Every structure is written in C-alpha cells, then in structure tokens.
Amino acid sequence: MALSRAARRELGWLALAAPAALTLLALLAAPLAQAFVVALRPDGAWCLDSFRYVLRDPLFHRALWLNLVVPTVSLALEAVLGLALALWLWRLTRGRVLTMKLLFREHGYLNSALAHLDVSPILWLRPGSPLSTGVIIAVDVWRVTPIVFLLVLVALEQIDRSLLEAVRLDGGGVWAEVRHVQIPLAMPMLGIAVTLRAIDAFRIFATPYVLMGIEGFPVVTSYAYHRWADRTDPSTANAAALLLAAAIAGVTALGVAIVRRRGAES
Amino acid sequence: MSRAVSWILTAAGLALLVAATLVPVWLIIRQAVTPRHLSGQFPASFLPPAVTLEAVRELLKTQQLIQPFLRSVLVAAVSTGLSVALALPAGWALARARWFGAAGVQGSLIARVLPPIAISLPLAAWLIRLGLANRPSGIGLAFAHTSAVLPLAILVCTAACRALPLSLEEAAEIDGAGRLAVLLHVVLPLTRGAVGAAALLGFLYSWDDFTHALVIQVTYPTLPPKIAYVAQYGQLSQASALALVMLVPAAAVMAVLSKTIVSSGALGRIEK
C-alpha cells in the first residue's frame, strides 16, 4: 500500500524521535512497570500486602506527615519570599540588568552550594529536637527561594510598562502599582513556579537524610530507601515509592488545573 | 518613603542576600581548613583558629578525593552527552510532527514528575542483573541520570526548534538535503544556544543527584553520597573539603548558565 506524502513525512519524524522514545521506555516506563510488579507480587502471588504493610507502618506515618509538612510550609514561604524579593528589587534597582546579572550569579552559587551546605553548618543541630522540622524547612526555603525569585522577576520584567504608567497617571502610588498591576500579572508565573517546586519539594530526601538520618527525620523517599537497603524488602520499598509518585502526580495535576483556570479567567 | 530610607532598605536587602549566599560557603571553607584538633572548639570562631590543608592531604592519601570526583565528572558527561544527542533529533521531530508532537511533549512533562526513588529502585534491580550497577566507571548511574535529563533536554530542544523559521529547512530540502543533513547543517547550528543550556542543566542535575547515586553506586560513590558518608562516619573537615571540590565545577557551570539566562530570558521559557 502506498503511503501518502504526509504519512511518509510523519514516519520520518517518528524515526528521528524513536531513539529518544525507546531510551525513555527502557529507562523510565519499564522500571515503573517493574515497580508495580515488585510491589504487587511480594511472594510470587498478586496481592496488596505490601501497600497494606506500608500504610500501617508507624515509620511510614511519620515519613508521610513530615513529607507533607516540610513541602507545604516551605513552598508557602518560598512563594511569599520570592514574590516579595522580586517586587522589592524590581522597584529599587535602576540598573536592573546589571544588578540581575550580579544577583543571579550569586543565586547561582547559592543554588548549587545548597547540596554541600547540608553537610557542615547545620549538622551541629541535634537530631530529634522539636526545631528539626523548622531547620529542614529553613534549609529548603534558603535553597529554593532564589529559583522562585528568578521566575517571578522574569514575569515582572515582561509586564507592559504602559500599564504602570496608566496607574501613575490615575494618581496611584507605588503601592497601587504593586497591588493592581504587578501582583495580579505575576500570579500566573508564581503559580507555575510553585507547581514546579511542588514536584521537587515532595521528593525531599538528601537534606533530612544527611542532617538527621532516616529514623531521625523520615520522609517517604528515605522510607522507601530504608525498606530497600536496610530491610532488603523491595516489595514494600517499591510500594512506598509508587505511593509517592501518585501523590506527586496528584499535586501536579492540581497545580496545573489551578494555573489553567486562573489563566482562563484573566 | 523618602529617598534615603529606600536607599538604606535596598542596601540592607542586598547585604542580606549576599550574606545568605556567601556565609554558608565561607563556613565550608572555614571548616575545611581548620586543623582537626581545633575543629571541635566551642564556641567556634568565624575565622579559622589556624589554617591547614591536612583534610585535603588525607583525602588524597586515602584516595577518597580523585576517584569520586572523576566518577562524578564522567557520569555527568556521559548522561548529558547521551541525553543531548538523543534529544535534539527528538525535539526537532516533536516540534515539526503533526500527529504525535503534542503527545511527545506531554510524555516528557510526565517523565519530569516521577520521583527518582520510583525509578532507581526497579532500575537498580535490572542494572545489578546486567552487571552494570555499582561499577567503578558509574555507567549504570549514567543511565539512571539519562532517564531524568533526557525528558528535560527534549523539552528544551522542542521549544528551541519551534522557534526556528520553517523556510530555512524547506530551502535546504528543496536543495536536496535529507533529514539528517538538515538536522546537522541547519537545525544544530541554529539551536546551539538551547543545546548548550540543556547540556548545562543536565550536567547540574547529574552533579547534584543524591537519590540515584545512593541506590546504584553503593561502594563506588559519586561526590554527593561520598560527602554524606564522610560527614556521617568520618571527619567533618574532610567532608567540607569534598564539598568545596564539588562546588567548583558547579559554580563555573552556573556562572556560564546565568549569563545565558540573563542575556536571553531563557529560563522562563525553559521552565514553562
């Protein structure tokens, strides 16, 4: 059967995309399917025992609770701080491009320094202290606020200047510009930034693992790692990892829906 | 608000930002150069009580520095190179294809959502069976990183290719150039910036990754798990020295990347 010209072109594109698609199938889709098999067949028979075990395990309950508290609080703080920093610096620096360059480089350093930072200064804090949750959140916020800040700053840069001038012509001051133009127009980008960050925030692992250990400050990823490495129980480990994946997918879907709806309203 | 007050607020804010950035780095440096017998001092001074390079020397002597460093470099280079080489043709195809372009982009976005632990646990089981896990070269870890870097690189390359004018490709095709020739001689030169940005982002991901590395490289670690291990069981000064070593390439990459971001506003587009 002769293919149409359009179909042949499409097949050509498919051939170009195929190596990447096959690689992702082998490295992402297949392991994910394998995770389901391992979690659902702990002893060679299909059952939900692993999920049941994980959902009843007190360590998992602690991990889940901390895995909810840390991302939620730190995301809220990051959004507020990132927005405030961006609004503030946008207003106060005249030579914006130069300042941005300097600041971004510092933020770049800050950003990449984070992982190493986990190691020395904060290790002095006692694991198990009531402040530990606050410490983990503070580290997360310190690490991530620059990213949110950067995205919001980009959004502020893209706002049409004539809107700001219109507010000024109407006799509005700085506060009116911020409240009626900049914050509403920066909101979609803040929504995107928060959604992106939520994806990463719920994967939290290295910070609590390095600072306080798995038992000291469990989160879901460290719980899964613990079942896998310390208890050699791949079944419950994969079950916990899949529960985390489902939770992140849900949060992402929620974030995307909110951003879309806001976008449609404005 | 008067001019002077706003000026003071700006200065204070900038000072705060600089401090938040530099003080932690300084603390790492301080810890790394403090002699071991003084490192437990309390209260610790802001300046090191004495300066020594013994932490670095011990790391070198016990072969704990060079190998993890080279392994980190190799894993980042292999996973980034592989990802970019696969992502550019795929990104171009997704930008131009009518039937599966949108689905491919959505698939790459979904891949970005998966937590690393859900991939690395089952992947590790296979890598162990294939004899690719925990190799001194870190080849198995490079594959794991590819699973995360490739979707991101595809998204960046697709966005860059969508911005290319069709007319150039059509002109090349009329001149008789095949798809691969157009890819190499038209698309690649025009998307060099985006390919570079994708490579830098990929390098940073691999350089920073902790989860995959912890699961797959059990006894031949890359720098992040090595630092965690030394911090937990060894000398804090040695962990700080390792952290400093890890900081240097990442800082260089971020400096280059931030320049690209500032000059093109690219990050907003990439992250979208």
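Modeller: pLDDT is the predictor's confidence in each residue, on a scale from 0 to 100. Chain B averages a pLDDT of 84, and 88% of its residues score at least 70. This is a predicted model, in which local features need pLDDT of at least 70 and side-chain atom pairs count only at pLDDT 80 or more, whereas totals for chains, interfaces and linings use all residues. Residues are numbered from 1 along each chain as its sequence is written, chains are lettered from A and ligands numbered from 1 in the order in which they are written, and side-chain values use heavy atoms, with hydrogens and water left out.

Biologist: Where in chain B does pLDDT stay under 50?

Modeller: It does so over residues 264-272 of chain B, for which the model has 17 contacts (heavy atoms within 4.5 Å) beyond four places in sequence. The model as a whole scores ipTM 0.83 and pTM 0.79.

Biologist: Why is the pair of Phe205(A) and Phe210(B) called tilted?

Modeller: Rings of Phe, Tyr and Trp (its six-membered ring) pair if their centres lie within 6.5 Å; planes under 30 degrees apart count as stacked, over 60 as edge-to-face and the rest as tilted. By this rule there are ten aromatic pairs over all chains. The centres of Phe205(A) and Phe210(B) are 5.5 Å apart and their planes stand at 55°, so the pair is tilted. The pair crosses between chains, from the loop between helix 7 and helix 8 of chain A to the loop between helix 9 and helix 10 of chain B.

Biologist: What makes the pair of Tyr209(A) and Tyr225(A) edge-to-face?

Modeller: The planes of Tyr209(A) and Tyr225(A) lie at 85°, with 6.1 Å from centre to centre. Tyr209(A) belongs to helix 8 and Tyr225(A) to helix 9 of chain A (helices are DSSP runs, H or I, of at least four residues), so the pair ties together parts 16 residues apart in sequence. Ring pairs link Phe205(A), Tyr209(A), Tyr225(A) and Phe210(B) into a cluster.

Biologist: Why does Leu60(B) count as partly exposed?

Modeller: Buried means under 20% relative accessible area, exposed over 50%, and partly exposed in between (1.4 Å probe, protein chains only). Leu60(B) has 42% relative accessibility and therefore counts as partly exposed. The residue is placed in helix 2 of chain B. By contrast, Phe205(A) and Phe210(B) are buried, as are Tyr209(A) and Tyr225(A).

Biologist: How many of the residues of chain B count as buried?

Modeller: Of its 272 residues, 51% count as buried.

Technical notes. Helices (H or I, at least four residues) and strands (E, at least two) are DSSP runs, numbered from the N terminus.
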